[in-house]
Amino acid sequence: MSAILQLQGISKRYGAVVASDNLSLHLNPDEALGVIGPNGSGKTTMFNIITGIAVADRGHIFLEGTEITRLRAFERCRRGIARSFQIPHPFGGMSVLENLLVSAVFAQGESEKKVSHRCLEILEETGLLGKANVRAGSLTLLDRKRLELARALAANPKVLLLDEIAGGLTEQECRLLIEEITRIRSRGVSIIWIEHVVHALLAVVDRLVVINFGKKIDDGEPHTVMGTQAVKNIYMGPEGDAV
Ligand SMILES: Nc1ncnc2c1ncn2[C@@H]1O[C@H](COP(=O)(O)OP(=O)(O)O)[C@@H](O)[C@H]1O
Ligand SMILES: [Mg+2]
């Protein structure tokens with residue numbers, strides 16, 4: 001099976017900090033891939049490099065077999081890569097619907113009229129329809145997270161990158177989010193999901209990658225990966241077995 005997205009040997013430094021260290025990974029079509037790793041291990045940097053917000057010092061990125069390493073962020077977006085941000089930053093002065101319209105028009109190069117119906121559908125799917133005309137800046141945390149997801153979907157992505165979207169949600173809210181992400185995936189969107197809320201990840205993903213110090217240290221069947229000593233060491237310290 002040929003990958004929809006592939007990273008080959010990506011390295012990125014910020015001064016003395018090695019944020020990505022010869023990182024290679026692939027995402028298969030229709031796959032949901034989970035990514036875990038400690039704070040500061042380079043997970044968000046990987047998304048920044050995939051989307052073109054940050055430029056890698058070394059390495060290559062391919063989307064559907066075509067190299068996109070040198071493309072600018074908006075060109076990658078037009079080709080079907082969309083993301084949510086760990087720290088939501090909607091256009092606070094605009095309404096919820098306007099936030100989606102901006103995303104859809106920008107990513108798809110279509111008129112507002114053409115994309116508006118789909119934007120309303122996405123608001124319904126993400127539970128935001130009743131707040132379509134509310135100012136984005138006044139939303140609660142849950143609704144800001146929903147808006148992050150909705151904005152990414154409005155770009156009509158082939159590859160959806162989710163960055164810690166479950167943190168801070170109640171169990172019930174988390175369940176709704178899992179259902180939503182499962183639905184998105186069943187429509188043929190390939191997903192990479194960075195998440196600390198591991199049970200949410202395990203409910204959705206087909207494969208799990210572990211990153212530490214910018215390096216990929218494991219990649220495989222989610223429950224098997226979670227059971228490895230390397231993961232126990234990261235999450236519970238070298239004495240992890242004793243916990
Ligand atoms: N724009 C930046 N400028 C300087 N250092 C950065 C920048 N982005 C990330 N870093 C550093 O790179 C490392 C990896 O960060 P990040 O990718 O955000 O980790 P994670 O998402 O896994 O918590 C951290 O040490 C962080 O401080
Ligand atoms: Mg991060």
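A residue counts as buried if 20 or more other C-beta atoms (placed from the backbone) lie within 10 Å of its own, as exposed if 12 or fewer do, and as partly exposed in between. Keep that in mind for Glu64, which is partly exposed because 15 other C-beta atoms lie within 10 Å. What you're looking at is a predicted model, where local features need pLDDT of at least 70, side-chain atom pairs count only at pLDDT 80 or more, and totals for chains, interfaces and linings use all residues. Residues are numbered from 1 along each chain as its sequence is written, while chains are lettered from A and ligands numbered from 1 in the order in which they are written.

- Most residues other than glycine have a negative phi.
- Glu64 isn't a glycine, yet has a positive phi of about 50°.
- You'll find Glu64 in the loop between strand 4 (58–63) and strand 5 (66–67); strands here are DSSP runs of E with at least two residues, helices are runs of H or I with at least four, and both are numbered from the N terminus.
- Asp30 is another non-glycine with a positive phi, this time about 65°, and sits in the loop between strand 2 and strand 3 (32–36).
- Asp30 has 15 C-beta neighbours inside 10 Å, so this residue counts as partly exposed.

**Around ligand 1**
- The shell (residues whose C-beta atom, placed from the backbone, lies within 6 Å of the ligand) includes Tyr14, Val17, Asn39 and Lys43.
- Strand 2 (17–27) and helix 1 (43–51) each supply at least two of the shell residues, and helix 1 gives the most, with three.

**Helix 3 against helix 5**
- The axes of helix 3 (residues 96–108) and helix 5 (residues 141–154) come within 7 Å and cross at roughly 35°; axes are lines fitted to C-alpha atoms, for helices over the stretch in contact, and angles run from 0 to 180 degrees between N-to-C directions.
- Val96, Asn99, Leu100, Ser103 and Ala104 in helix 3 meet Leu147, Ala150, Arg151 and Ala154 in helix 5, where contact means C-beta atoms, placed from the backbone, within 7 Å.

- Six strands make an open, mixed sheet in the order 6-7-8-3-9-10; two strands pair if DSSP finds at least two bridges between them.
- At the edges are strand 6 (81–83) and strand 10 (215–220), each pairing on one side only.
- Strand 9 (residues 207–212) pairs with strand 10 in the antiparallel sense over five bridges, and Val209 has Asp219 in strand 10 as its bridge partner.

Methods:
Contact = placed C-beta atoms within 7 Å.
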